[in-house]
Amino acid sequence: MKTIILAGGFGTRLAEYTDIVPKPMVEIGGKPIIWHIMNHYARYGHNDFLLALGYKADFVKDYFYNIAFKTSDFRIDMATGECETLSKQVRDWKVSLIDTGLDSMTGGRIKRLKEHLNGERFMVTYGDGLSNVDINELVKFHESHGKMITMTAVRPKARFGELLFSDDGQVTSFKEKPQVDQGWINGGFMVVEPSFLDLIENDATVLEKEPLEKAAAMGELMSFCHEGFWQCMDTKRDRDNLNELWNTGAPWLK
């Protein structure tokens, strides 16, 4: 099964980095965040990727074209130019890097990849979110219900502490960054039947609007509730937090 990673947006809320590199190439622990996402899928045996590129597509293409060079030790004979590989890290990934348009929306980017999907079931996620969701259990759940699309639902941690207080202002409870008690959100990590592509009109179609709304109205959208780790990277604060988590154990690897 192929996995689409949406990696073409402008990432304007992370402009400190995305003025220079596209958002999926912002590094966590010395590796682009998209590498971490792909590594997660590969741990479950899913290693055939379609990267839906747009903004600064060349940066992503250059990285994967040169990844063997970047991850290998080698010796160069400066007199002859001969290069000898001393050691290398081999990953059995197949990576298709497709420019899906600079201004295409998320739905439009998926639609542009239709010819690469061969009419088969596929997976989709965003190029800026890390999780320890069990991909095998996600696929198993999708196969069990027979609907068009399964979306992983998550409840992110609140950014601020939660206060409960009485009428006179006395604080009765304080929880530092509690788990949100309501409002599950779309965490990506979707499994999709090819018929879903018919709900996407053109490049201007936003995945999270008409297509998913239509699928829900048709009774064809199911949620896979994930209570474990999930974190997106929308801001510099998010990026710094993910790097701190990497240094203390990288929960998306657990």
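Ile76 stands opposite Cys83 in β6. Strands here are DSSP E runs of at least two residues, and helices are H or I runs of at least four, numbered from the N terminus. β5 (residues 72-76) and β6 (residues 83-88) pair in the antiparallel sense over five bridges; pairing requires at least two DSSP bridges between the strands. Six residues sit between the strands of this hairpin, where Gly81 has a positive phi near 80°.

## Basis of the model

The model is predicted: local features need pLDDT of at least 70, side-chain atom pairs count only at pLDDT 80 or more, and totals for chains, interfaces and linings use all residues. Residues are numbered from 1 along each chain as its sequence is written, and side-chain values use heavy atoms, without hydrogens or water.

## Nonpolar cores

The largest nonpolar core has 37 residues; Ile34, Met38, Leu51, Ile135 and Leu242 touch the most other members. A core is a set of buried Ala, Val, Leu, Ile, Met, Phe, Trp, Tyr and Cys residues joined through side-chain atoms within 4.5 Å. Elements that each supply at least two residues include β1 (2-7), β4 (48-53) and α7 (135-145). Helix α2 gives the most, six residues. Another core, of 23 residues, lies apart from this one, with Val124, Met151, Ile200 and Leu207 among its members.

## His40

His40 lies in helix α2. His40 counts as buried because its relative accessibility is 4%; buried means under 20% relative accessible area, exposed over 50%, partly exposed in between (1.4 Å probe, protein chains only). Beyond neighbours within four places in sequence, His40 contacts Ser131, Asn132, Val133, Ile135, Phe189 and Trp252, contact meaning heavy atoms within 4.5 Å.
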